[in-house]
Amino acid sequence: MNPTMIQFFHWYSEGDGKLWKEAEKQARYLTKLGITSVWFPPAYKGTNGGYSTGYDAYDLYDLGEFDQKGTIATKYGAKNDYTKAIKALKKQNIQVIVDIVLGHKAGGDELEKFKVVKVDEENREKVISDVIEIESYTKFTFPGRGKKYSDFEWNFTCFSGVDYAEGMESHIYKIQSEYGNDWEEMIHDEKGNYDYLMYNDIEHRNPFVREELNHWAKWYFDLTDFDGVRLDALKHISFDFYKEWLTMLRSNSGKNIFAVGEYWAPGYLHLLQKYIEVTEGCMSLFDSSLQNNFHNASKEGSSYDLRRIFDETLTQADPMHAVSLVANHDTQPLQDLEAPVESWFKPLAYALILLRKDGYPCVFYPDLYGAHYVDKDWGGHDQEIFMPKVDGIEELLKARKEHAYGDQHDYFEDANCLGWVRTGDDEHSGCAVVLSNKDAYNKPMEVGQLYAGKKFKDLLKRFKEKVTIDENGWGNFPVPAGNVSVWIPE
């Protein structure tokens with residue numbers, strides 16, 4: 001079966017502790033659609049307790065088990081709900097991908113004094129103060145958990161930088177420590193050095209930190225038997241660390257754990273390729289460039305040349321390491337990386353990632369289920385965010401599951417209308433796909449003499465009329481204006 005991932009959460013999921021239970025209930029439906037893996041959000045306790053999305057990681061060992069940060073359960077549910085959801089998915093032969101946040105920690109338990117220098121926020125290589133002493137919450141003792149699962153206590157030597165100093169202005173403070181007074185090496189010079197992202201930045205050069213994170217990974221795997229990992233914020237973490245960490249995880253688990261990393265650099269394909277090179281191909285990456293192309297195409301409408309949709313993308317340059325997507329939690333409205341794809345273009349975008357041979361597609365939760373969120377800001381004004389489900393998404397997923405196989409023949413000669421044919425294989429009949437960002441079209445395409453005289457029907461039910469294949473194996477496949485059609489043998 002064609003592999004298909006779903007990101008089973010979004011930023012604006014209600015903090016009602018029900019996500020794990022929902023995933024358990026949805027397991028049968030997901031496998032029916034052809035979903036083969038589920039990417040879950042960070043399952044551990046964050047500094048905001050039951051309201052935390054998990055990316056403000058506090059205690060990696062607290063999966064909704066301990067009374068910490070004002071709650072026992074996380075935003076998504078209790079530990080028992082989490083493990084039950086994983087078992088339910090695995091029973092349906094759906095793999096589980098867990099979200100890994102090892103770049104920073106938040107919500108320390110005690111203040112510590114240590115020496116730092118201030119750095120320029122736009123150029124972190126530029127020191128703008130003498131060495132000074134500050135107090136910050138860098139000691140993590142986890143009083144709610146105690147020593148269960150691990151007796152490791154984090155202190156300031158485990159971090160390379162902080163953004164909080166007691167009684168002082170918020171700033172980026174570079175910690176002066178035995179492990180280096182410089183930031184860790186990155187592959188790009190954005191902001192001078194983008195090692196520091198937020199909160200307490202983890203010092204991966206500390207061997208005790210590495211040992212603890214390797215220990216935690218084995219503990220997490222032994223508990224959940226996860227199949228893959230999604231690695232958060234790679235741009236801000238030493239590439240050497242994850243290369244070692246994944247090697248240890250795969251060795252300790254005895255399993256070829258799948259890994260996909262978030263190196264968000266839309267329009268900078270060379271950085272994605274460089275990261276894959278320096279990590280020796282040990283992980284895939286989300287194709288941020290393709291997502292950005294979708295965003296631009298949806299904004300530009302008929303003036304966008306669809307023949308350029310895969311230009312400068314990882315899916316085209318290195319499909320074996322590309323996880324393709326239309327949207328994720330970071331591209332949603334009001335987020336720092338906001339780059340939403342307009343609703344009219346989403347069916348086209350999903351056809352481009354689900355029904356072609358290259359890339360490992362990832363479907364976004366609101367695009368399958370729809371979502372509605374009301375953001376109450378401090379001024380008392382409500383901002384409603386509607387995320388309607390994508391028109392025809394179930395049919396596109398089923399087309400991937402049942403028809404998107406075999407050789408691929410492209411008909412990309414028109415700037416406003418793309419088409420391609422999948423020939424099928426011994427077990428699956430193929431399909432013909434046409435999409436337009438302008439007018440209605442009829443696209444002549446060859447499906448093969450095997451289908452001569454046979455009829456093709458529109459899976460998305462945009463057309464009632466069938467397409468009859470001529471004696472040479474050609475058909476004239478229509479598509480509505482600004483839409484997509486998927487044709488399969490009757």
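Tutor: Helix α1 bends by about 50° at Q26, the bend at a residue being the angle between axes fitted to the seven residues ending there and the seven starting there. Helices (H or I, at least four residues) and strands (E, at least two) are DSSP runs, numbered from the N terminus. The model is predicted, so local features need pLDDT of at least 70 and side-chain atom pairs count only at pLDDT 80 or more, while totals for chains, interfaces and linings use all residues. Residues are numbered from 1 along each chain as its sequence is written, and side-chain values use heavy atoms, with hydrogens and water left out.

The 15 residues of α1 (residues 19-33) should span 21 Å at 1.5 Å a residue, and the end C-alpha atoms are 19 Å apart, which agrees; the expected span is 1.5 Å times one less than the number of residues. Q26, the site of the bend, is one of the buried residues of α1, together with L19, W20, A23, A27, L30 and L33. Here buried means under 20% relative accessible area, exposed over 50%, and partly exposed in between (1.4 Å probe, protein chains only). An α-helix has 3.6 residues a turn, so residues three or four places apart point the same way. The cover over the buried residues of α1 includes β1 (5-7), β2 (37-39), α2 (79-91), α9 (365-369) and α10 (393-402), where contact means heavy atoms within 4.5 Å. Just after α1, G34 adopts a positive phi of about 100°.

Most residues other than glycine have a negative phi, and most peptide bonds are trans. E280, which is not a glycine, has a positive phi of about 55°; E280 sits in the loop between α5 (269-278) and β15 (284-286) and counts as exposed at 65% relative accessibility.

For the strand, consider β27 (residues 484-489). Six of the six residues of β27 are buried, so the strand is largely enclosed by the rest of the structure. V484, V486 and I488 point one way, and S485, W487 and P489 the other. A polar atom of the S485 side chain lies 2.7 Å from the backbone oxygen of P478. Strand β22 (residues 429-436) runs antiparallel to β27, joined by four bridges, and two strands pair if DSSP finds at least two bridges between them. In β27, W487 is the bridge partner of A432. Three bridges join β24 to β27, also antiparallel, and F456 stands opposite P489.

Definitions and conventions: Polar contact = N/O pair within 3.5 Å; in protein donor to acceptor, adjacent residues only side chain to side chain.
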